[in-house]
Amino acid sequence: MNSTTRLSPQVIPRSEHSISRAAISPNALKVLYRLKEAGYQGFLVGGAVRDLLLGLQPKDFDVATNALPDEVRRLFRNCRLIGRRFRLAHVFFGGEIIEVATFRAAAAPEREDIEDPDVDAEAPEDAPLESIRPEFSPPSDSEHRAFDLRGRILRDNIYGTIEEDVWRRDFAANGLYYNIEDFSIWDFVDGMSDIKARRLKLIGDPETRFREDPVRMLRAVRFAAKLDFSIEPDTERPLQQLAYLLDGVPPARLFDEVLKLFLSGFGAKSYRLLQQYCLFEHLFPQSAAAFVLPPYAYAAQMLELGLANTDARIAADKPVTPTFLFAVLLWSAVLRELNERQAGPSPDLALLLQACDTVLRTQQSRVAIPRRFAIPMRELLMLQPRFTRRSGVKSLSLLQHPRFRAAYDFLLLRAQVGVADPELAKWWTDIQVLPQEERVALVQARPPEPVAEGAPAPGRRRRRRRRGGAARS
Ligand code: ATP
Ligand code: MG
């Protein structure tokens, strides 16, 4: 604990802060009021308080309370408990989930331990919760209590008070509590000053806090990018030196963080910061290694352009997909792998497939990419050589391929950085808007091209068994 920490909060009354209930999700308010009416403390916490003070629309609303998980469950019918050691309540309102966490004690497990191990990373995103979380019987609260030799409860070492809870939070700017009792804000860590100064400062000793949970390094980058905050010097200093600690974080958790970093609207800036603090090479070691080799340096530029496009799509409320992102992220590594296997200039599809699989396999040990994204990503990359084939009616089948659109966007990106022929990109752009007869006339007028090595010869198409039974996205 440092000099800015105190045991009693600075209480900022409603008249002295800008958070209005009108900006809070009505469902979060319902949860807070219900807790209060039942005699418990109820606070809005974390990113929601921070974002509201900054005038931003919070992504989600998290609640902290002194009610134990079982007590929360009794208050809400539409509620389920998740997590094994540290249990959280999810209160469901149609599509919105309000997460209600009991104040965490100093001895409670670190964040990575609270991830629900029962969540199946392979389940489709839109699957009903029941199918994502197999049934299990959560342990009762008493299992988390410490007993003495006579069986007497010494202390409940998982759940604690708000004074304990605050030290478990990451940045002071994320450590503010909005009290439903009187709409005041409780500030134990001078978080208000950090919000005003647009600054990210870890609560406590930075190196210790990063070692406790290395994902906090990625969170620092993500919030700095998203909020346009600076990282305070003491928090910033150990980043580069501790970057290697990411190697010990479970790959499934890193997958979640990577999506948040790159698909939340501030991907281009997040990427620059990840590179600045040498964090990127611990997430995508193969790509980072390829980016610094002259033949693949353009791939880093492709990634920056791809991330900027993604950011623009998110700003325009258009959908984005992890499939495309991972294709851009891993392309350089795939090409490098391919070039080590093949001698000739024209791509051998069988070798390209092998290169994709080798890169993906290695990547999975760092950032686990679920099959539902990895398989379409591989398809997207495998379609790239097919764009060069433009003669004969068969070449038109590419337009019908379920991955055509993403593969075409990828081609545009390659053309933008000068590795695909801009004429080729334009041809595929133009043909999409032509009626079928004109498309046919166009491809029939072109002289036949040599078939790419490794591609099945025309007329001798082998039926290949689809690998795996992965869900297609
Ligand atoms: P956003 O939801 O905008 O991404 P957030 O700050 O709400 O940002 P969450 O991941 O929703 O982030 O977490 C809610 C709060 O829980 C955080 O504000 C922080 O106080 C605390 N928290 C989350 N993850 C960690 C962590 N790894 N270490 C310490 N505290 C954390
Ligand atoms: Mg949040």
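1. The shell has 13 residues, of which Gly46, Gly47, Arg169, Asp170 and Asn174 come nearest to the ligand.

2. The structure under review is a predicted model. Its protein chain contains 22 helices and twelve strands. Of its 473 residues, 35% count as buried. Among contacts in the chain with a separation of 6 or more, 69% join residues 24 or more positions apart.

3. The largest nonpolar core has 111 residues, and within it Leu44, Val63, Val221, Leu279, Ala327 and Val334 touch the most other members. Helix α17 gives the most to this core, namely twelve residues. Because domain 1 (10–201) and domain 2 (320–445) both give residues to the core, it lies between them. As a general matter, nonpolar side chains tend to be buried together in soluble globular proteins.

4. Setting aside residues up to four places away in sequence, leucine 44 touches Ile24, Ala28, Leu32, Val49, Phe61, Val63 and Tyr178. Of these, Val63 is also listed among the core members that touch the most others.

5. Helix α16 covers residues 297–315, which is 19 residues. At 1.5 Å a residue the helix should span 27 Å, and its end C-alpha atoms are 28 Å apart, which agrees. The buried residues of α16 are Ala299, Met302, Leu303, Gly306, Leu307, Thr310 and Asp311. Their cover includes α12 (251–262), α13 (267–276), α15 (285–291), α17 (322–341) and α20 (404–416). After α16 comes aspartate 317, with a positive phi near 65°.

6. Two further residues deserve attention for their backbone angles. Most residues other than glycine have a negative phi. Arginine 198, although not a glycine, has a positive phi of about 50°; arginine 198 sits in the loop between α7 (191–196) and β11 (199–200). Aspartate 228, likewise not a glycine, has a positive phi of about 55° and is found in the loop between α9 (215–227) and β12 (230–231). Arginine 198 counts as partly exposed because it has 13 C-beta neighbours inside 10 Å, whereas aspartate 228 is exposed, with 11 other C-beta atoms within 10 Å.

7. Isoleucine 369 belongs to the loop between α18 (349–364) and α19 (371–383). Isoleucine 369 has 23 other C-beta atoms within 10 Å and is therefore buried, the cut-off being 20 or more. Leaving aside neighbours within four places in sequence, its contacts are Phe255, Phe326, Leu360, Gln363, Gln364 and Ala374. Alanine 252 is 117 residues away along the chain, yet the C-alpha atoms of alanine 252 and isoleucine 369 are separated by 7.8 Å.

8. Isoleucine 12 lies in strand β1 (residues 10–12). With 17 other C-beta atoms within 10 Å, isoleucine 12 is partly exposed. Not counting residues up to four places away in sequence, isoleucine 12 touches His17, Ser184, Ile185, Asp187 and Met192. Isoleucine 12 and phenylalanine 183 are 171 residues apart in sequence, and their C-alpha atoms are 9.0 Å apart in space.

Methods
Residues are numbered from 1 along each chain as its sequence is written. Chains are lettered from A and ligands numbered from 1 in the order in which they are written. This is a predicted model: local features need pLDDT of at least 70, side-chain atom pairs count only at pLDDT 80 or more; totals for chains, interfaces and linings use all residues. A residue is near a molecule or strand if its C-beta atom, placed from the backbone, lies within 6 Å of it. Helices (H or I, at least four residues) and strands (E, at least two) are DSSP runs, numbered from the N terminus. The expected span of a helix is 1.5 Å times one less than its number of residues. A residue is buried if 20 or more other C-beta atoms lie within 10 Å of its own, exposed if 12 or fewer, and partly exposed in between; C-beta atoms are placed from the backbone. Two residues are in contact if their C-beta atoms, placed from the backbone, lie within 7 Å. A nonpolar core is a set of buried Ala, Val, Leu, Ile, Met, Phe, Trp, Tyr and Cys residues joined through C-beta atoms within 7 Å. Domain bounds come from an automatic or database domain assignment.
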